[in-house]
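Trainee: I have a new model open and would like to learn how to read it. Can we go through it feature by feature?

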Amino acid sequence: MSQALIDLVREKFPDTAGSSHRGDEVVNVRREQLVEIVSYLRNDAACDMKLLRDIVGVDLLTWRTEMTGGGALASNEAPAYAVQNKPRVEPRFYVAYNLYSITRKHSLRVRLDLRSDDAKVPTITSLYRTADWWERYVYDMFGIEFTGHPNLQRLLMYPEFQGFPLRKDYPVRKRQPLVPELDFPDLIRGPGPGPGGAGVPMSQTHVGRQNVDPNTYD
């Protein structure tokens, strides 16, 4: 049924592209058609996809250089030089909507690719109430904006949180101005992998002191 579901979507929306591999069915859509296609999948009796499982964001910035992307970068954090000098990947982001039909027991992923200079998606909160939370989560983590969202603001984190932590160029050991620095060693809350690790001198691991430059850990 899943391949038939892709065929249904492509018959009604010829501009879409679909793929099916071992039960993983995906349709790639254009931004201008997103709401219309999701509405069709939700309301048409042949699809009946009343359940929005989740909305996820993906950053492909280091896809060609990480080990998980088939490259040779061995660490879990891209070095600053690699981030600045690697080939640009565009479209950099994509947003995936995982839909499911409880009555027909079939699922489908709707995928939308986005360029880094235009990471905006129309909201689907009018179709799924749960999209309100998922869209705010993706906005918080990736900085992808959902136009028309009734309450899109940084609610999941502190408003003063800087950057988007699931972007691939977000430093793993970045410090945030959320809690005032303490004037004594804090080996629990502080950043870094531990004394002397990852090129951080032993003297710099006594974190929590006001005289330690927080940028040292970026």
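Trainee: In what order do the elements of the chain run from the N terminus on?

Mentor: Start with the order of helices and strands. This is a predicted model, and its elements run α-β-β-α-β-α-β-β-β-α-β. That gives four helices and seven strands.

Trainee: Where is confidence highest, and where is it lowest?

Mentor: Read the pLDDT before anything else. The chain averages 77, and 67% of the residues score at least 70. Helix α2 (residues 34-43) has the highest mean, 97. Helix α3 (residues 80-85) has the lowest, 61. Two stretches need care. Over residues 67-76 the pLDDT is below 50, and this stretch has 14 contacts beyond near neighbours in sequence. Over residues 191-210 the pLDDT is also below 50, with 43 such contacts in the model.

Trainee: What share of the residues counts as buried?

Mentor: Of the 218 residues, 39% count as buried. The accessible surface comes to about 12400 Å². Carbon and sulfur atoms hold 52% of that surface.

Trainee: Which residues of α2 are buried?

Mentor: Here is the general idea. An α-helix has 3.6 residues a turn, so residues three or four places apart point the same way. Now the case. In α2 the buried residues are Leu34, Ile37, Val38, Tyr40 and Leu41. They lie on the same side of α2, because they cover an arc of only 155 degrees around the axis.

Trainee: Is Asp59 buried or exposed?

Mentor: Compare the relative accessibility with the cut-off: under 20% means buried. Asp59 has 5%, so Asp59 counts as buried. This residue is in strand β3.

Trainee: Which backbone nitrogens does the side chain of Asp59 reach?

Mentor: The Asp59 side chain reaches the backbone nitrogen of Leu61 at 3.0 Å. It also reaches the backbone nitrogen of Lys168, at 2.8 Å. Then list the wider contacts. Leaving out residues up to four places away in sequence, Asp59 touches Arg92, Phe93, Phe142, Leu166, Arg167 and Lys168.

Trainee: Where is Thr62 found?

Mentor: Check loops as well as helices and strands. Thr62 sits in the loop between β3 (51-59) and α3. Its relative accessibility is 1%, so Thr62 counts as buried.

Methods: Residues are numbered from 1 along each chain as its sequence is written. This is a predicted model: local features need pLDDT of at least 70, side-chain atom pairs count only at pLDDT 80 or more; totals for chains, interfaces and linings use all residues. Side-chain values use heavy atoms; hydrogens and water are left out. pLDDT is the predictor's confidence in each residue, from 0 to 100. Helices (H or I, at least four residues) and strands (E, at least two) are DSSP runs, numbered from the N terminus. Contact means heavy atoms within 4.5 Å. Buried means under 20% relative accessible area, exposed over 50%, partly exposed in between (1.4 Å probe, protein chains only). Accessible areas come from the Shrake-Rupley method with a 1.4 Å probe; for residues, only the protein chains shown count as cover. The arc is that of the directions from the helix axis to the C-beta atoms. A polar contact is a pair of N or O atoms within 3.5 Å; within protein, one must be able to donate a hydrogen and the other to accept it, and residues adjacent in sequence count only if both atoms are side-chain atoms.
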